[in-house]
Amino acid sequence: MAEYDLIIVGGGPIGLACAIEAQKKNLRYLVIEKGAIVNSIFNYPLYMTFFSTAERLEIGDIPFNCLAPKPGRQEALEYYRNIHRYFNFSIHLFEKVISVQKQENSIFKIVSDKNSYETKNVVIATGFYDIPIDMNVKGEELSKVRHYYKEAHEYAFRNILIVGANNSSVDAALECWRKGANVTMVIRKNEINNRVKYWVKPDIENRIAEGSIKAYFESNITEIRKNEVEIETPNGKVSIENDFVLALTGYKPDLTFLEKMGIQLSEDELKIPTYNPETMETNVEGLFLAGVVCGGMQTHKWFIENSRVHANMIVDFITSK
């Protein structure tokens with residue numbers, strides 16, 4: 001069984017940033033990614049545009065050249081593929097880590113669905129895009145309910161309901177409406193989320209104001225049926241005809257996976273993992289967190305641009321020991 005100085009679980013931008021720093025310090029490292037390289041970005045909607053400018057998505061001091069003011073999904077995939085071409089990472093794709101356990105000799109044993117490994121240190125950079133936050137309503141299990149949105153074409157000329165008022169919900173609502181869908185939004189609060197991209201927020205508010213997109217504010221779905229959806233509104237319950245429900249209610253890290261490794265989580269609803277903000281080391285010595293997974297349920301706290309520094313912090317600490 002090969003022994004590594006560092007194994008990085010997750011091949012997203014922050015996992016790759018950690019690999020770059022490990023490579024610079026001549027550490028024997030391996031990245032294990034359950035899907036494609038930067039798998040979360042691959043699963044974003046086809047025409048998604050980042051809030052960040054290109055330079056804020058850069059890693060490894062490699063320029064991200066983009067003609068548009070804000071890069072989209074395709075440009076980002078191209079950039080991170082080129083990062084891999086440049087650094088030639090030690091990386092295993094389409095391999096899922098099952099368990100990470102620290103042994104009595106202080107070496108970690110990592111078991112995947114394909115192999116087993118031993119390493120002195122582990123970085124968990126698994127993001128948060130894999131587990132949708134359920135609505136917990138009757139009918140949510142129906143096939144017409146989707147927790148991920150890819151593109152608008154299949155929803156054209158259909159009655160669709162979109163749950164939420166964040167960036168993904170607003171982007172989906174506008175795209176589907178422009179492709180001919182009859183769009184209704186159900187929004188728990190009394191307004192569109194203030195974190196919605198500043199160039200998109202006026203667009204959705206104007207479409208709602210003119211009646212092109214119907215919105216129920218301060219409302220919740222109470223039941224999803226084959227051909228309709230029941231909504232609890234401030235004016236009582238209403239039922240509307242429906243073909244598809246896009247439940248874009250957000251996503252969360254695999255908190256159970258973290259707990260099984262021995263990482264302590266806060267006892268409140270935020271479930272923030274325990275780690276040293278100066279080194280990113282968790283309460284388990286030699287086990288580190290990087291990227292958005294550090295925020296627990298606060299998935300809006302960490303982004304590529306403000307968590308790239310985790311890579312330097314972690315590798316500098318490992319090499320200083």
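The legends below describe close-up views of a predicted model.

**View 1. Helix α1 and its crossing with helix α8.**
Helix α1 covers residues 13-24 and helix α8 covers residues 309-320, and their axes come within 8 Å of each other while crossing at roughly 40°. Angles under 35 degrees would count as roughly parallel and those from 65 to 115 as roughly perpendicular, and α1 and α8 are therefore oblique to each other. The crossing in which α1 passes α8 is right-handed. On the α1 side the contact is made by A17, C18, E21 and A22, and on the α8 side by A311, N312, I314 and V315. Two packed helices are described by the angle between their axes and the distance between the axes.

**View 2. Helix α1, its length and its buried residues.**
From its first C-alpha to its last, the 12 residues of α1 reach 17 Å, which is close to the 16 Å expected at 1.5 Å a residue. The helix is mostly covered, with 10 of its 12 residues buried; these are P13, I14, G15, L16, A17, C18, A19, I20, E21 and A22. Just after α1, N26 takes a positive phi of about 60°.

**View 3. Residue A290 in the loop between β17 and α7.**
A290 lies in the loop that connects β17 (287-289) with α7 (304-307). Its relative accessibility is 2%, and A290 therefore counts as buried, the cut-off for this class being under 20%. When neighbours within four places in sequence are left aside, A290 is in contact with I14, C18, V123, I124, A125, H310 and I314. The C-alpha atom of A290 is separated by 20 Å from that of I107, a residue 183 places away along the chain.

**View 4. Residue I7 in strand β1.**
I7 belongs to strand β1, which comprises residues 3-9, and with a relative accessibility of 0% I7 counts as buried. Apart from residues up to four places away in sequence, I7 touches L30, I32, I110, Y117, T119, N121, V122 and V123.

**View 5. Helix α4 and what covers it.**
Helix α4 is formed by residues 167-178, and since its 12 residues should span 16 Å at 1.5 Å a residue, the 17 Å between its end C-alpha atoms agrees with that expectation. Within α4 the residues S169, V170, D171, A172, A173, L174, E175 and C176 are buried. The elements that cover these buried residues include the strands β9 (159-163), β10 (182-187) and β15 (244-247), together with the helix α5 (201-210). The helix is followed by G180, whose phi is positive, near 100°.

Strand β8 (residues 145-146) runs parallel to β15 and is joined to it by two bridges, with V145 standing opposite V245. Strand β9 also runs parallel to β15, to which it is joined by four bridges, and F244 is the bridge partner of I160. T184 is found in strand β10 and is buried, with a relative accessible area of 9%. Leaving aside neighbours within four places in sequence, T184 is in contact with I160, L161, I162, K214, Y216 and I240.

**View 6. The open sheet β12-β13-β14.**
Three antiparallel strands form an open sheet in the order β12-β13-β14. Its edge strands, β12 (220-224) and β14 (236-241), each pair on one side only. On average, neighbouring strands of this sheet are turned by 30° against each other, direction ignored. Between β12 and strand β13 (residues 228-233), which run antiparallel, there are four bridges, and E223 stands opposite E230 in β13. Strands of a sheet pair through backbone hydrogen bonds, either parallel or antiparallel.

Note on methods
Residues numbered from 1 in each chain as written. Predicted model: local features only at pLDDT ≥ 70, side-chain atom pairs only at ≥ 80, totals over all residues. Heavy atoms only, no water. Expected span 1.5 Å × (residues − 1). Buried < 20%, exposed > 50% of the residue type's maximum accessible area, 1.4 Å probe, protein only. Contact = heavy atoms within 4.5 Å. Pairing = 2+ DSSP bridges. Axes fitted to C-alpha atoms, helices over the stretch in contact; angles between N-to-C directions. Parallel < 35°, antiparallel > 145°, perpendicular 65-115°, else oblique. Left-handed = near helix turned anticlockwise from the far one by under 90°.
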